[in-house]
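Thanks for coming. I will show one structure today and go through a few parts of it in turn.

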Protein chains: 2
Amino acid sequence: MTDTIVDFRTEPARYRHWKLSFDGPVATLAMDVQEDAGLRPGYELKLNSYDLGVDIELYDAIQRLRFEHPEVGAVILTSGKERIFCAGANIRMLGQSSHGWKVNFCKFTNETRNAMEEASAESKQVYLTMVNGPCAGGGYELALATEWIVMADDGNTAVSLPEVPLLAVLPGTGGLTRLVDKRRVRRDRADFFCTTEEGVKGKRAVEWGLVDEVVPRSRLAEAVKERARALAAKTDRPRQARGIALTPLRRTLDGDRIAYDHVTCTVDRARGLADITVAGPTALPPAEPAGVAAAGAAFWPLALARELDDLILHLRTNEEQIGLWVLRTQGSPELVEAYDRLLLDHGADWLVREVRLYLKRTLKRLDVSSRSVFALIEPGSCFTGTLLELALAADRSYMLDGTLPDDARPAATVKLTGANFGLYPMINGLTRLASRFLGEPGRVDDLKGRMGQELEAAAAAEAGLVTFAPDDIDWEDEVRLALEERAAFSPDALTGMEASLRFGGPETLETKIFGRLTAWQNWIFQRPNAVGPKGALQLYGTGERSDFDRRRV
Amino acid sequence: MTDTIVDFRTEPARYRHWKLSFDGPVATLAMDVQEDAGLRPGYELKLNSYDLGVDIELYDAIQRLRFEHPEVGAVILTSGKERIFCAGANIRMLGQSSHGWKVNFCKFTNETRNAMEEASAESKQVYLTMVNGPCAGGGYELALATEWIVMADDGNTAVSLPEVPLLAVLPGTGGLTRLVDKRRVRRDRADFFCTTEEGVKGKRAVEWGLVDEVVPRSRLAEAVKERARALAAKTDRPRQARGIALTPLRRTLDGDRIAYDHVTCTVDRARGLADITVAGPTALPPAEPAGVAAAGAAFWPLALARELDDLILHLRTNEEQIGLWVLRTQGSPELVEAYDRLLLDHGADWLVREVRLYLKRTLKRLDVSSRSVFALIEPGSCFTGTLLELALAADRSYMLDGTLPDDARPAATVKLTGANFGLYPMINGLTRLASRFLGEPGRVDDLKGRMGQELEAAAAAEAGLVTFAPDDIDWEDEVRLALEERAAFSPDALTGMEASLRFGGPETLETKIFGRLTAWQNWIFQRPNAVGPKGALQLYGTGERSDFDRRRV
């Protein structure tokens, strides 16, 4: 465990860096970073630069806008400071951070920006940016994750990605990919832009597609508000509905045990693994969306998403040495199935939609975690529908064929529901089933016919849903050996291998960001030219010039 | 320059590691590595393991099979040794190599395997593998690059990718990607397979899709021959045609100057750049394919492809410190256009097809080179059609608007031909024009209407074909500054940036290999867990166990 535990739970009353305000269907999210409130000592968050703490608040705000504000159809992202939009990630923070911290930080910021895009596309809560001052590096990448960028047309305001010329690293939050793949900026212009410290402003920024509009400063606020109102007018979110409060998440941290209401985790340091158990619901779901709203944050699928989400972030950030996550479930398959039915039948309800999307994001977060994931399917488990996705997300699954001596519970089964056929696409845009059967697409159709069937181990293995199905004689040894072996491999090689095997098939903006851009950035984050004693990241601000090893690799 | 210059030019009479034999339409390429003939001192090439020298011969053999053997429709890749197919890349060689050497080695081996796949798909010279002994790591990756894998069904023969468990690195030649994306092996099975040192053999290898057939050893050779003959029967290659000889490539290396018949290069070490000039043809092309065959290796487009190909490989391997390649052309646009017309009109001819494909591969090699590429378009140049691709492949282009004082030549023009609209797709499957105008696909259609027009600088910039078009007053300073600036940036950051900006749009097996897998491998190739004094790659064969830093990144 790291020295100080990073807690991802927060709420608007505790924000130090963001101001959230509302004007009917338009919300404004203003970045106003408090310089002396960095998450760790050793740096000041000048010029609206950010660290993980700033991003944790942003992440929280985005979640709350979705769940607590059904009336909001557009969100203006801007700066609360007079003379700067955002200078990007804090350089001193990066300079003093370990390799692992930098990479984990970039992963979380990437996920948060992807969530903004998902909110725009799927929650119909559209983000746009008012660039009211210099907008550099991660600042511009934040803008790139919104659907419309309006920039002040003045001598001072420009967008830029100065990472390469200034810091010898890459823009770390999807900037390069979004330039050429989302905004489709011509690659030679992108090349020039990404090597030009001072960036691009005014008309050229529009002509090159770097922003959507430039507007005189005097008209900026009004122009953005107008655009926001127009975007909000097109939302399908219900203006009259009441949001649900994302009440504080209950969590106890007791030694190596972390417990939430439905998720528990025990960290086994000797074996280098985390034993995670997800509990199914204990009662039938409400019959109608009104009941979901009444249950609020206690609605099982929402509670599950929040708890699992928090646990993943906790383990990633605070338990770097724990390289293997072992997933189990426990509970009633029938009740999980009943919840799935509710989620499937009422997708048009705004809140049900949000819950589904949150589960989708959480499962995606699991997919892109740099940890091995194994699922163990045993008697008493409920790998059904939504929870079966956990096993399908795993690098491998082991299902006990039969029962164990002295265990009276019936043999485990797995069960497909409609949720497995479209609710939770991966970052490659495919369901986990489709990704699994890239070579036999017809199998996915066949499996549709088996929805609702309780598949015991042999049938599940035959259907391709689990990797191995040892019987009681082999179970203990086979599982133990697999866990031990996994924990003994090189963590780095596993990270690269898993990233390469998990996402076959089509590529998307997200797979490019997590698969390609992240890998390049990780590489550069280790190179002496960036992080060595004479590297650009270390020398930044000292006035000293880097002395690069000029060999091209 | 490195101490010993690696020369990529070779020919069958000089092969030490491969045996090429012919039986009508079926060729056999047998790997029989000579242990004591490593390219560099310090390792023995045991168990049919390979180094760059082995792969240079393989590359040469593949090229010659295409050009010199039109009668061959299928190529059996196998081992010439009794008890081993191939153990993959030589571990001691990797262990003693610099980071840059390892990465460059992997890039070349990847390109060679891609060329095998291209030969199968587009030259209709189909590769298949006879696995006649243990087939590990790079050995199996070689097999994966063929279209059909037949394995001996005995106790000794298995396929495996033991890199992760044994060496703490990734399979470096596309193995992970080809498993899940080409052969579409289920990801959990791939996970198991890639962590199982001893690999998978027999029926399970077929069931999991790791190989296509297993056959008793007694029937192996005949079964493969039969399959090869069946594949060869479907080729459209002309059995009666005569191949053309790839005569030795003339090259002079004189200090910092490299000269071929049509390509010259001067390395400017002070400025960190290579000045490359490509000369257009000096006479009209033959009117018919028969003339192409008669010209043989002297046919200008083929000579150009060979020379440029060799130069790129030379600069990559022997000139690591030269991070910027500046491309110029010189000659008659009309003659280039005439050659393009020939290439376009006679694509059905097997030899013209080979020449087109070779140019395509060479341009792709340029695209994936970890060097900045700038094109300078000046009076006297011939950036037309095929040669315009060089400017479109560049990260940036500068075109002089008008003429320079004391230069009587007319202003430069660029010209589109049909070659720009489909002959040379990039690794993303798109033409360079389509990749350039991802955001405005209609523009590519518009440009089709401008084929054959001589576009001066203003028109070329307007059409989006060049990045900047300074006039004679700005030209010298602007170009000089751009070159100086580029040479001053961090080579690593540029490599990552260029890899991210060059290939927008769709992804393919090849973009995944060069974009994603390579980046992960580069990262892992630097990690102490692989290459540190206690790293797996260093300790291999010593009997000592690695002591991994267990932090997951």
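**A strand, an arginine and an interface**

I start inside chain A, with one pair of residues: A:Val131 has A:Met151 as its bridge partner in strand 8 of chain A. Before going on, please keep in mind that this is a predicted model.

That bridge belongs to a set. Strand 6 of chain A and strand 8, residues 149–152, are joined by three bridges, and the two strands run parallel. Strand 6 of chain A also pairs with strand 4 of chain A, residues 74–79; here there are four bridges, and the run is again parallel. One of the pairings on that side is A:Val75 with A:Tyr127, the latter in strand 6 of chain A.

Now to the side chains of strand 6. Which residues point one way from strand 6 of chain A, and which the other way? A:Val126, A:Leu128 and A:Met130 point one way, while A:Tyr127, A:Thr129 and A:Val131 point the other. Residues on both sides are buried. Why is strand 6 of chain A described as largely enclosed by the rest of the structure? Because six of its six residues, 126–131, are buried.

Next, a charged residue. A:Arg64 sits in helix 1 of chain A, which covers residues 52–68. Is A:Arg64 buried or exposed? Its relative accessibility is 5%, and the cut-off for buried is under 20%, so A:Arg64 counts as buried. What is A:Arg64 in contact with, leaving aside neighbours within four places in sequence? The list is A:Thr10, A:Glu11, A:Pro12, A:Tyr15, A:His69 and A:Leu246.

That leaves the two chains together. The size of an interface is often given as the accessible area lost when the parts come together. For chain A and chain B that figure is about 8200 Å², with 54% of it on carbon and sulfur atoms. In residues, 86 from chain A are in contact with 85 from chain B.

On the polar side, 61 residue pairs, both at pLDDT 80 or more, are in polar contact between chain A and chain B. There are also 16 salt bridges between the chains. One to look at on the screen is A:Arg552 with B:Glu498, where the closest N and O atoms are 3.0 Å apart.

Which element of chain A supplies the largest share of the side that touches chain B? Helix 20 of chain A, residues 509–524, does, with twelve residues. By type, the chain A side of this contact has 38 nonpolar, 22 polar and 26 charged residues.

That is what I have; questions are welcome.

Technical notes. Residues are numbered from 1 along each chain as its sequence is written. Chains are lettered from A and ligands numbered from 1 in the order in which they are written. This is a predicted model: local features need pLDDT of at least 70, side-chain atom pairs count only at pLDDT 80 or more; totals for chains, interfaces and linings use all residues. Side-chain values use heavy atoms; hydrogens and water are left out. Contact means heavy atoms within 4.5 Å. Buried area is the accessible area (1.4 Å probe) that two parts lose on being put together, summed over both. A salt bridge is a side-chain nitrogen of Lys or Arg within 4 Å of a carboxyl oxygen of Asp or Glu. A polar contact is a pair of N or O atoms within 3.5 Å; within protein, one must be able to donate a hydrogen and the other to accept it, and residues adjacent in sequence count only if both atoms are side-chain atoms. Ala, Val, Leu, Ile, Met, Phe, Trp, Tyr, Cys and Pro count as nonpolar, Asp, Glu, Lys and Arg as charged, and the others, Gly among them, as polar. Buried means under 20% relative accessible area, exposed over 50%, partly exposed in between (1.4 Å probe, protein chains only). Two strands pair if DSSP finds at least two bridges between them.
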